[in-house]
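Welcome! Take a look at it below, then read on by topic.

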Amino acid sequence: MLTAAVACGCASGLARTGADRWLGVFVGLFLAVLVAWAVRASVKPQTEDFRADERQALLILAAICIAKAALLPLFPGFGPDIGSYQAWAARVADVGPAKTYVKGFFIDYPPGYLYALWAAGWLVRSLGLSGVAQRMVVESPALIADFLAGWVLYAAVRRTGSRASAYGAMLIFALNPAALFDTVVWGQSDSLLALVMLTSALAVLDSRYGLAWALGAVALLIKPQALMYLPVLGFWTLYRAPLKTWFLSAGSFLGTWVIGLVPFQVGHKWGWIFSLYYSTAAYYHETSVNAFNLMALLGGLRQSDSTPVLGIPAFYVGMALLVPLYAIIAWALARDNSRRGLLLASFVAIFGFFMLAPRMHERYLYPALVFLAPLAVEEATMAALFALLTITFLVNLAYVKHALETVVFLPAHDPIAIIIAAANLVGLGVAVRALPIWRHPLASGAPVRVTTLLDGLLRSPRRAERAAQSAGTAPKHEASALPWLRSDTAIVTALLLVAAAIRFWRLGRPPEIVFDEVHFVGQARHYLRAEPFLDPHPPLAKLVIALGILLFGDHPASWRIGTAVLGTGLVGITYLLGRRMFGSRLAAMLAGLFVAVDGMFIVDSRIAVIDIVYVTAAAWSYLLFFRFVQQADTRARRRTLAWLGVALGLCLGAKLYVPAFTFLLVMGFLVGALIQESHESGSTSALPQAVSGRRTWGAVLLVSSVAAIGYIACFLPHYFLGWWGGIEDLFHYYGQVIWYEQSVSSATHPYASPWWSWPLMLRPIAYWQTFPKSGPVATIWGGGNPAIWWGALTAIVITVPQAFERRRVELVFMVTGYIVYLAIWAPIGRTLFLYHYMPAVYLGFLALAMVLAQSWNGEADPLEEVALLLTLGPVFILGLGGGPGTVVLVAVLGLYASLYARSDGLQGKLVAAVFVLTVIVVSIYFFPVWTGLHIPRASYYARMWLQGPGLRNWI
């Protein structure tokens, strides 16, 4: 405080002498040392083992930081933000702090981050940097903060947990896709604020109240969003520090804050900083500034926050909701003085503020992930919540950045924003439920019916029961093998008849080449005419097309009959797979139904393309894997392994790239299952470990050998036709494929879409269109059933915590496969399309069928059921219109609440029935645009729910 007073007294003199630069350097060093001291206090080693582990962790973090820096030239960032940072860095370096904030020069940040930009600007000016080098230096403070935050997270968890947990917390933050997007792709500075708030929380845990509050002041100097965290710090200090410490903490906070302001205060009126804070907040007087939160749900995106919500301006609604939020947090901190209690309260405060307050930007969720990471490695629920927020935050960032760079403004009630906001709202419910205030009943007696309902919606009793039941079953990786009944025959026959009717009806229409048939039909004809050609994909799918032409003649129906047969067979395989995976005929029937009536699977089965071929072969390999897991007879298992090799070989022979990951996925789980079997039988079996190991490697060798034979067999026509003469020609072929892929790497296409947009189905494909100037129109629209695709994403999110809790192979397989099939496209720079998502969404279909069957059987949690109903919200709103759709959604949710209150178990059956009915209705509605039927022009546009420039466009 004394230093702050002296600095303030000298301010006027500094304005005249120009010594504000030297004072600014001194203050900047003071703040940097303060943060460095806090970081060092947070990571102070406790033991010699800790020091050795810490060095390894630092090496890993350094490698990650270098990799991030190497990626910066590839991502120019968001232009307006990067340009502002560069301009601010240059200005403060050129004119000093006293003349930085002047009228006519736009700066909406307080001085805290400007000290870091000052150092960057000085370095840029000293070295004469420009272009990419200048941008990398200006963005470097955020990378350094990322590095330090990872170090702090490692040390914080290592003090009380295992080495593995510490590495887990460090890596899920350091490699978090959403955090990477914010820092590297967008070029933002949120990591510095997150670092300072985290070190403040850790300091107060160690009873360093003065340091904690000084860091709170630094956070407020960096961004006013620090106000989200400061009440938590205040409650903790109020409850646990003596009166004297209160005053010392207040002095530490005020003194640090004033010292940080003084160099920029020179020449300005007193109170200018409050005007800056106010003007920055008032500049964005909107319900939600692209944050997908409750305000976006209630008032829409980027609407005036004076817009009435239930008759009250949205601004006051949001601010009023913060009162019960912080009251709950205060109560929780009063009851729990543990490390978990503080971290969880800080996370809920930041996440809750983001969700409830108006004027929130999409990036303000970043610090919440930092506080959640230590909890995510300790609790399955927190891990699932961390995964959910990573996905929603990444989609929010990527979608908004794309919009800002193309259309600038999203629609007020953008459907993607609605979906993500609803998912975030469910996540907030889970987070609030995790606070310790719910652990004991109220002393006044039993809660009233409404409280019981809300408490039940936030509780997970069924999930706990499932976990306990699963813990008592052995082996954990097996599902019950169902006996085959007449009902199975009836179900699979009905599914196959429905699938065949959809896929073979008018198969020859349109009577012309459709989309990629121009390549694949032409290549099939080359085989029949013995004409050599370059094909970047293995031959199997084209041979299937050629077989149809050979048997039935060269016309459209014969081109497509092979894919129609395989697409129909996939429905039957899916039913058998569902029985094996889940031990449930209902789940199997739903999974088969979803594949049978989904648009993308219908379209790819009705035209001569290759994706349905490898997806069917992959599904067959999944079925054989789970059959192997459930078999006991050694001979039968050996036969199953041989057939598994055949399935994987055919999958590899159908398409380039993706089937290789199918092979790795299945083989990885096969090895894991065999190792687990040997462990489970170790206590009761005399089988030596060496023999068990040979059995595992023998299975791998058998499957791999048969798969290799099957793969090479797909190329036999090349030898029979005289194009190839030996195995070396196969390797020459690989070289040609690499050349081809490089030659098309810069190609573009109007229906291309990035991988991260596929789960939300933002950009489907027009495979074929006929649009006369007047009259009916026709199209083959390569898009899925929105209810199934969006429900599949929700189901995968629901399956993540189940996989953590139950650790059953079918759950882990679906989650792992989904992530693998989606993540493999992230590094690919070439043109990508929605159909590349098919193997991932197929696993999502299985997860959705499982969750709906759990709901029907009364085994799902209320949060899971509500999440499924909320997923249907965009379907209702987009399909029926804003008003009617909202009414239907509210009516369904109200009916669910009333059934839940009755406690008779009917609410789960309602969820399953409503979802399946919606799927069937939507499939019937979209059927004309999946099959090329002529419909009125207005009917076509009514089905194109997302329209507009940029990525979010179904036309």
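The largest nonpolar core in this predicted model brings together 316 residues. Within that core, the residues with the most contacts are Phe347, Phe351, Phe601, Tyr622, Phe625 and Tyr767. Several of these names come back in the notes that follow.

**The core and its aromatic cluster**

- Phenylalanine 351, one of the core residues with the most contacts, touches Leu365, Ala368, Leu389, Asn424, Gly427, Leu428 and Ala431, leaving aside residues up to four places away in sequence.
- One aromatic cluster is formed by Phe601, Tyr622, Phe625, Phe626, Phe669, Phe813, Tyr842 and Phe845.
- Phe601, Tyr622 and Phe625 belong to that cluster and are also among the core residues with the most contacts.

**Helix H28**

- Phe601 also has a place in helix H28, where it is buried.
- This helix, covering residues 599–606, is mostly covered: eight of its eight residues are buried.
- Where H28 starts, aspartate 598 has a side-chain oxygen within 3.1 Å of the backbone nitrogen of methionine 600.

**Aromatic pairs**

- Searching the whole structure gives 56 aromatic pairs.
- One of them joins tyrosine 115 and phenylalanine 264: the ring centres are 5.3 Å apart and the planes meet at 85°, so this pair is edge-to-face.
- That pair links distant parts of the chain, with tyrosine 115 in helix H6 (residues 112–127) and phenylalanine 264 in helix H13 (residues 243–265), 149 residues apart.
- Tyrosine 115 and phenylalanine 264 are both buried.
- Tyrosine 527 and phenylalanine 533 form another pair, with ring centres 5.2 Å apart and planes at 85°, so it too is edge-to-face.
- Tyrosine 527 has a relative accessible area of 7%, so it is buried.

**Charges over rings**

- Arginine 240 places its charged end over the ring of tryptophan 236, at 4.2 Å from the ring's centre.
- Lysine 909 lies over the face of tryptophan 856, and here the distance to the ring centre is 5.3 Å.

**Leucine 31**

- Leucine 31 is found in helix H3, which spans residues 20–42.
- With a relative accessible area of 7%, leucine 31 is buried.
- Its contacts are Tyr115, Val218, Thr256 and Gly260, again leaving aside residues up to four places away in sequence.
- Tyr115, one of those contacts, is the tyrosine that pairs with phenylalanine 264.
- Between the C-alpha atoms of leucine 31 and threonine 280, which are 249 residues apart along the chain, the separation is 23 Å.

**Histidine 836**

- Histidine 836 sits in the loop between helix H36 (809–823) and helix H37 (838–856).
- Histidine 836 touches Lys655, Trp758, Trp825 and Thr831, not counting residues up to four places away in sequence.

**Cysteines**

- How many disulfides are there? The count comes to zero.
- Cysteine 651 is in no disulfide, and the nearest cysteine sulfur, belonging to cysteine 714, is 10 Å away.
- Cysteine 651 is buried, with a relative accessible area of 1%.

Conventions: Residues numbered from 1 in each chain as written. Predicted model: local features only at pLDDT ≥ 70, side-chain atom pairs only at ≥ 80, totals over all residues. Heavy atoms only, no water. Phe/Tyr/Trp six-rings, centres within 6.5 Å; stacked < 30°, edge-to-face > 60°. Helix = DSSP H or I, 4+ residues; strand = E, 2+ residues; numbered from the N terminus. Buried < 20%, exposed > 50% of the residue type's maximum accessible area, 1.4 Å probe, protein only. Lys NZ or Arg CZ within 6 Å of the ring centre and 35° of its normal. Polar contact = N/O pair within 3.5 Å; in protein donor to acceptor, adjacent residues only side chain to side chain. Core = buried A, V, L, I, M, F, W, Y, C linked by side-chain atoms within 4.5 Å. Contact = heavy atoms within 4.5 Å. Disulfide = S-S within 2.5 Å.
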